[in-house]
Amino acid sequence: MEANNRPGARDAIFAQLVDAGRTEQVTARLTDAIILGVLAPDERLPSESDLARRFGVALVTVREGLAVLRDAGLVETRRGRGGGSFVMKADAPHSTLVQARLHGLAQVDLSDMAVYFATIVEGCAQRAAVRASPPDSDRLDRWLRDADFTTIAGARTSAGGFYLELAVLSQSARLVRELIRLQAEFGPLLLLGMTDARARLSLVESNRAIVGAVRANDAASARQLSTEQVRNLAEWLMNAKARIERGGAWDD
Amino acid sequence: MTETMTDCAAAVGAFFAGAFAELDGWRDDLAGGDPTVRPADLDARVEGLARPALTDSSPLFVGAGFIAAPGYVRGRDIHFAWWLGPQGGNPLLGSSSSATRLDLATRAYADYVRNFRTLEWDQVPQSTNQTHVTGPYVDHLCTCEYIFTLTMPVRIGEDAPMVGVVGADVAVKRLEQVLLPLLLAADGPMLLLNDVGRIVVSTDPTRPVGDMLAGPGHPLTGYNRAACPGVDLVIASPAHPSQT
């Protein structure tokens with residue numbers, strides 16, 4: 001079924017995992033989603049069996065992962081009717097955890113993730129511009145007008161949702177699948193810049209320009225604009241990492 | 001227009017007619033329903049119709065069910081009774097060997113549901129009181145496949161308002177299985193196009209599936225066409241193959 005407003009970044013959190021170190025992957029995926037604000041405080045996670053099915057791992061792996069998150073104070077388990085695992089309310093933003101996560105990743109790996117992410121998004125945008133029909137362009141335009149970029153959480157969801165819209169317009173099921181997987185792995189980090197109001201404004205402008213290029217069936221411009229957009233997000237992330245490594249805070 | 005083109009168009013028409021015949025039965029079943037229906041009873045009834053169609057040996061549908069209009073199910077804005085066929089390595093849902101219910105609650109669909117009334121698969125049957133085929137499109141919400149969505153309005157009584165749509169998702173590759181051998185039997189390149197001019201099945205390697213052959217901005221000229229009966233799709237073939 002088709003939707004007008006697709007909150008893709010959130011669904012991607014629970015997308016399937018690759019093989020190695022599965023408990024660590026469950027932990028990393030959910031930790032990123034919580035500390036970077038994709039999953040909101042007090043939100044209930046899917047059930048353990050549902051998580052196991054959707055991640056494509058054993059139930060015991062999910063339980064181990066959730067135990068790590070409980071120990072880290074990121075989720076709590078409530079018993080009884082309406083129970084389950086809930087995202088903990090944080091008094092302060094999970095700033096120190098973001099700090100630790102960015103510090104723990106090598107610059108070269110962050111850079112490489114950005115290259116790969118950009119390659120997929122560029123391909124989606126280029127194909128979308130080649131293949132969009134006029135009604136497709138109208139829908140994309142309306143989607144962007146209705147999307148919320150004014151809040152941090154809204155901007156994260158909408159930014160990821162826009163990439164997914166482009167992937168859908170590419171008419172490629174594989175590109176859609178790969179984008180979903182990639183957003184799950186790297187989306188929350190890449191969109192860390194959405195905490196910055198100026199970065200949010202610039203992203204909206206960039207998305208508007210991409211819609212224009214798609215409408216004009218201008219594949220080269222759509223590609224170029226998405227290259228620049230992901231490069232800006234990656235630069236923001238690299239700057240945050242550099243601030244941390246110099247002993248400052250990522251959101252200084 | 002050649003005889004082959006007419007045959008291909010008829011085969012596409014028959015393919016969709018077969019799918020809609022299945023939905024006809026579901027609509028009749030649900031239209032005979034109790035207007036004060038309880039959600040659990042409605043769900044059980046829809047599951048009884050959808051599950052066998054999703055799990056037979058060569059299922060026509062990858063997803064199917066009933067979507068109730070706002071207010072039809074007590075206390076619900078809209079109500080999805082939708083099942084998905086067995087999924088092999090679905091990136092969103094994981095793998096499953098049997099039919100599973102589409103669970104909106106765990107999938108952050110608030111925005112989706114809010115925009116429900118503007119969706120083509122709902123809006124067109126609502127305004128025309130006719131069956132409708134949406135697509136093809138990549139469905140990233142349910143199956144992550146390239147599909148058509150077929151919908152049919154359900155009314156309890158002839159002039160009554162629509163209480164919802166019965167519907168089914170059909171994979172493009174399922175249609176291709178039936179149509180490609182017929183297209184390949186033709187002498188020249190043959191294409192199946194949807195209502196906006198998007199290529200659905202093609203025997204012309206320079207015109208791949210998903211591309212637009214023609215649209216409002218670049219009309220379909222130089223092609224012979226045969227309309228597929230009962231569905232807004234068209235078989236097209238270059239009038240002079242050398243010009244492709």
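The exercises below work through helix packing, a domain interface, a salt bridge and some backbone features.

This is a predicted model, in which local features need pLDDT of at least 70, side-chain atom pairs count only at pLDDT 80 or more, and totals for chains, interfaces and linings use all residues. Residues are numbered from 1 along each chain as its sequence is written, chains are lettered from A and ligands numbered from 1 in the order in which they are written, and side-chain values use heavy atoms, leaving out hydrogens and water.

**Exercise 1. Describe how helix 7 of chain A is placed against helix 8 of chain A.**

Step 1: the axes of helix 7 (residues 134-146) of chain A and helix 8 (residues 152-169) of chain A come within 11 Å and cross at roughly 175°. Helices here are DSSP runs (H or I, at least four residues) and strands are runs of E with at least two, numbered from the N terminus, while axes are lines fitted to C-alpha atoms, for helices over the stretch in contact, with angles from 0 to 180 degrees between N-to-C directions.

Step 2: helix 7 of chain A and helix 8 of chain A are therefore roughly antiparallel (angles under 35 degrees count as roughly parallel, over 145 as roughly antiparallel, 65 to 115 as roughly perpendicular and the rest as oblique).

Step 3: Asp136(A), Leu140(A), Trp143(A) and Leu144(A) of helix 7 meet residues of helix 8 that include Phe162(A) and Leu166(A), where contact means heavy atoms within 4.5 Å.

**Exercise 2. Treat helix 5 of chain A and helix 11 of chain A in the same way.**

Step 1: the axes of helix 5 (residues 95-104) and helix 11 (residues 219-245) of chain A come within 9 Å and cross at roughly 95°, so the two helices are roughly perpendicular to each other.

**Exercise 3. Examine the interface of domain 1 of chain B and domain 2 of chain B.**

Step 1: the domain assignment, automatic or from a database, gives domain 1 (2-172) and domain 2 (175-243).

Step 2: 18 residues of domain 1 of chain B are in contact with 25 residues of domain 2 of chain B.

Step 3: the two domains bury about 1,700 Å² between them, 80% of it on carbon and sulfur atoms; buried area is the accessible area (1.4 Å probe) lost on putting two parts together, summed over both.

Step 4: Met5(B), Val12(B) and Val172(B) lose the most area on the domain 1 side, together 32% of what that side buries.

**Exercise 4. Locate a salt bridge and two backbone features.**

Step 1: Asp50(A) and Arg54(A) form a salt bridge (3.3 Å, N to O), defined as a side-chain nitrogen of Lys or Arg within 4 Å of a carboxyl oxygen of Asp or Glu.

Step 2: both residues lie in helix 3 (residues 48-55) of chain A, four residues apart.

Step 3: the peptide bond from Gly135(B) to Pro136(B) is cis, with omega near 5°, and Pro136(B) is in strand 6 (residues 132-139) of chain B.

Step 4: Asp42(A), although not a glycine, has a positive phi of about 75°.
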